[in-house]
Amino acid sequence: MATDQARSEHHGETYEQFEGRIARIANVGNAAGVLRWDQEVVMPEAGTPARAQQLSALSSISHELLTADETGDLLEELESAALDDGKRAVVREIRRQYDRETSVPRELVEEISETTANAHPTWKRAREDDDFEAFAPTLEKLVALKREYANHIDPDADPYAVLFADYEPYIDLETAERVLERLREELVPLIDAIQDADADLATDTFAGEFDDDDQEALARDVLDELGYDWERGRLDTAPHPFSSGTQFDARVTTRFEEDDLLGSLTSTIHEFGHANYTLGLPDDEYGTPLGEARDLSVHESQSRLWENHVGRSRPFWERFLPTVADRFLGLEGATPEAAYEAANQVYDDNLIRVEADELTYHLHIVIRFEIERALIAGDLEVSEVPKVWNDKYEEYLGVRPETDAEGCLQDIHWSHGSFGYFPTYSLGSVLAAQLYAAAEDELGELDGDVRAGEFDDLNGWLRENVHRHGKHYTTPELIERATGAEFAADSFLEYATSKYGELYDLEAY
């Protein structure tokens with residue numbers, strides 16, 4: 001008995017040492033996150049050379065802490081220790097990170113970090129100048145670096161699968177491909193039927209020009225409405241909206257265009273969903289995987305749930321339209337039904353992913369997925385990307401970009417070296433529908449709550465079933481615990497066909 005107690009006390013001390021080490025790693029990463037936020041929101045344009053070195057240094061420090069022999073020794077000892085479920089989950093997550101990062105030379109980590117920091121302003125200028133050739137050398141370098149990175153981690157695996165696992169480690173690439181294929185198979189005929197329909201939606205409800213300051217006031221209104229915690233967050237603008245931070249500081253960015261009020265509003269709600277998830281992570285687990293989000297598919301499910309299932313719903317517009325009309329007097333005659341129709345129109349000529357409706361959006365994702373897979377596999381040269389991009393848009397969406405700025409330069413992700421990220425957007429939309437259906441199964445229909453501006457029950461359900469767990473469970477485990485079923489596209493497709501069949505009066509749906 002005394003020996004067992006001594007062993008338990010020793011393992012407890014070892015875990016405390018381990019937890020202190022991983023907290024340092026987390027804090028270095030979170031500091032880098034603030035620097036990246038600053039770079040994209042407020043940093044002077046000429047600050048890039050220093051910022052690239054700063055981020056590279058932090059990346060190197062984090063890598064050295066994680067891959068040090070001491071981390072490996074602690075992991076080895078704790079893996080044979082009698083730990084509770086939470087601590088075992090922490091060890092599992094750090095072991096996965098350790099194994100991947102010890103496979104990658106520190107010099108390569110630093111080079112990737114510095115290259116991506118320098119790539120951001122290069123991409124930004126190339127997009128502003130509509131000059132893909134100016135970005136092409138940087139993209140070529142990033143593709144080569146990420147191939148090398150994947151090869152170090154697993155030389156026998158599909159390199160794209162290795163990169164995808166950086167963003168979604170527990171849903172395999174085959175599952176992602178299967179979901180994307182099903183979306184393509186079932187959404188294309190639905191979109192075709194919509195485009196052939198005679199329905200006359202009020203698509204011009206939000207036509208006009210809208211002042212940026214007034215749009216920002218409305219963005220703050222909607223964040224207030226949804227319950228954003230301003231003591232732990234803030235709202236700013238960025239060329240490509242994003243949310244970042246921790247449970248103590250989860251920031252939202254959006255963007256304003258004078259002729260796209262609806263776009264800025266839905267973007268703000270989308271980023272609220274991300275920040276709301278981050279703010280729902282347990283405070284007392286900060287610095288450990290139990291206080292971190294469960295990867296990008298789950299993260300995206302939260303943003304898409306709030307953007308689409310709440311923010312694009314008929315009850316939401318019954319609730320929120322009076323606030324919009326108060327801010328913009330030209331909209332005082334709009335009706336909730338007209339606002340609902342405008343928010344859910346399916347575009348037949350949209351080129352921009354972030355402005356897409358929730359059906360054609362997934363074809364935007366499929367195009368990116370296919371292109372970056374071919375790039376990483378070496379089956380597509382960087383110089384060929386603009387033409388292949390434009391050809392696929394014409395084939396899948398019936399539109400062809402006239403410029404690279406509205407084509408292959410529109411997204412920031414490749415400048416970050418984020419190959420394998422895009423599929424998580426569609427996976428997140430699919431999961432959002434599955435979670436929302438599960439919440440309604442338990443709470444009852446939520447339309448009345450949305451119409452009344454009462455979001456405590458929905459948010460409480462999400463806190464209980466998703467947010468509070470951090471990375472305690474793998475993604476499939478978390479989904480099954482929350483919804484009682486395996487991850488599947490059924491709920492999303494049922495939601496999409498029902499909603500758009502009714503909206504566009506489609507008899508077959």
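**Exercise 1.** Does D505 count as buried or exposed?

*Solution.* The model is predicted: local features need pLDDT of at least 70, side-chain atom pairs count only at pLDDT 80 or more, and totals for chains, interfaces and linings use all residues. Residues are numbered from 1 along each chain as its sequence is written, and side-chain values use heavy atoms, leaving out hydrogens and water.

Step 1. Buried means under 20% relative accessible area, exposed over 50%, and partly exposed in between (1.4 Å probe, protein chains only).
Step 2. The relative accessibility of D505 is 65%, so D505 counts as exposed.
Step 3. D505 has a positive phi of about 55° although it is not a glycine.

**Exercise 2.** State whether D295 is buried or exposed.

*Solution.*
Step 1. D295 lies in helix α11 (residues 295-310); helices are DSSP runs of H or I with at least four residues, numbered from the N terminus.
Step 2. With a relative accessible area of 12%, D295 is buried.
Step 3. Its phi is near 65°, a positive value in a residue other than glycine.

**Exercise 3.** Describe how α12 and α13 cross.

*Solution.*
Step 1. The axes of α12 (residues 314-327) and α13 (residues 336-343) come within 8 Å and cross at roughly 125°. Axes are lines fitted to C-alpha atoms over the stretch in contact, with angles from 0 to 180 degrees between N-to-C directions.
Step 2. Therefore α12 is oblique to α13, since angles under 35 degrees count as roughly parallel, over 145 as roughly antiparallel, 65 to 115 as roughly perpendicular and the rest as oblique.
Step 3. R314, W317, E318 and L321 in α12 meet P336, E337, A339, Y340 and A343 in α13, where contact means heavy atoms within 4.5 Å.

Notes: Helices (H or I, at least four residues) and strands (E, at least two) are DSSP runs, numbered from the N terminus.
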